[in-house]
Amino acid sequence: MIDPIGDTLVARDELRAKITELGARISADYQGKDLVLVGVLKGAVFFLADLARTLTVPCAIDFMAVTSYGSSTDSSGVVRILKDLDHPIEGRDILIVEDIIDSGLTLSYLLKNLRSRKPASLEVCALLTKPERRRINLDCRYIGFEIPNVFAIGYGLDWDERYRTLDHVASVREEAIAELTRA
């Protein structure tokens, strides 16, 4: 089997610096507000944990699990909620914490779903975005890094539930993807 870990897209030190910067911006913007971080499982767990530790404002944390990928490397466009929020969000300031915005289909669905629950505000903080893949125009208040149109792994991002624990973001080698599709 070919080692799938390709080029580094975002190094560990770059991740740390950007997360600290995002935390400072979020802390300033949510001073005196009822902030709830909504992590999108499983990919955003590492990002959410590190981001929450940089915040200087109190916040609650909740999680949702949604899927549109399965074991594929391309979104199916069909979104399913696997785990919903544990608490109501009406009247609260919600910040969705997402690992990556790819086509935008999953996030668009999630935004519509959460807006229907009448939060005081609803914003997005995404670690990564792939503008080349976007199929839906989304307004995201906080973005960490733009990456090229490659399949990315590490720092929460997986390939068939593997490689989430890498301390950086890397591309998946094309040869590895080709080998998997031949198998």
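With which residue does Arg164 form a salt bridge, and how far apart are the closest N and O atoms? The partner of Arg164 is Glu161, and the closest N and O atoms are 3.1 Å apart. A salt bridge here is a side-chain nitrogen of Lys or Arg within 4 Å of a carboxyl oxygen of Asp or Glu. Salt bridges with shared partners join Arg164 and Glu161 with Lys42 and Asp158 into one network. Arg164 is buried, at a relative accessible area of 13%, whereas Glu161 is partly exposed, at 47%. In these terms, buried means under 20% relative accessible area, exposed means over 50%, and partly exposed lies in between (1.4 Å probe, protein chains only).

The model is predicted, and local features need pLDDT of at least 70, side-chain atom pairs count only at pLDDT 80 or more, and totals for chains, interfaces and linings use all residues. Residues are numbered from 1 along each chain as its sequence is written, and side-chain values use heavy atoms, with hydrogens and water left out.

By the salt-bridge rule the count comes to 14. One of them joins Lys18 to Glu21, with the closest N and O atoms 3.4 Å apart. Both residues belong to helix 1 (residues 12-29), where a spacing of 3 residues separates them by about one helical turn. Helices (H or I, at least four residues) and strands (E, at least two) are DSSP runs, numbered from the N terminus. An α-helix has 3.6 residues a turn, so residues three or four places apart point the same way. Lys18 counts as buried at 18% relative accessibility, while Glu21 is partly exposed at 39%. The charged end of Lys18 also sits over the ring of Phe145, 5.8 Å from its centre. That description requires NZ of Lys or CZ of Arg to be within 6 Å of the ring centre and within 35 degrees of the ring normal.

A further salt bridge is formed by Arg141 and Glu123, whose closest N and O atoms are 3.8 Å apart. This pair links distant parts of the chain, 18 residues apart: Glu123 lies in strand 6 (121-129), and Arg141 in the loop between strand 6 and strand 7 (142-146). Arg141 is partly exposed, at 36% relative accessibility.

The structure holds 1 aromatic pair. Phe46 and Tyr155 form this pair, which is tilted, at 6.2 Å centre to centre and 40° between the planes. Rings of Phe, Tyr and Trp (its six-membered ring) pair if their centres lie within 6.5 Å; planes under 30 degrees apart count as stacked, over 60 as edge-to-face and the rest as tilted. Because Phe46 lies in helix 2 (residues 45-54) and Tyr155 in the loop between strand 8 (152-153) and strand 9 (169-172), the pair ties together parts that are 109 residues apart in sequence. Phe46 is partly exposed at 32%, but Tyr155 is buried at 8%.

Helix 2 also contributes the buried residues Phe47, Leu48, Leu51 and Ala52. These cover an arc of only 125° around the axis, so they are on the same side of helix 2; the arc is that of the directions from the helix axis to the C-beta atoms. The elements that cover them include helix 1, strand 2 (35-41), strand 3 (59-67), strand 5 (93-101) and strand 6.

Ser27, in helix 1, is buried at 3% relative accessibility. Not counting residues up to four places away in sequence, Ser27 touches Thr54, Leu55, Thr56 and Val57, where contact means heavy atoms within 4.5 Å.
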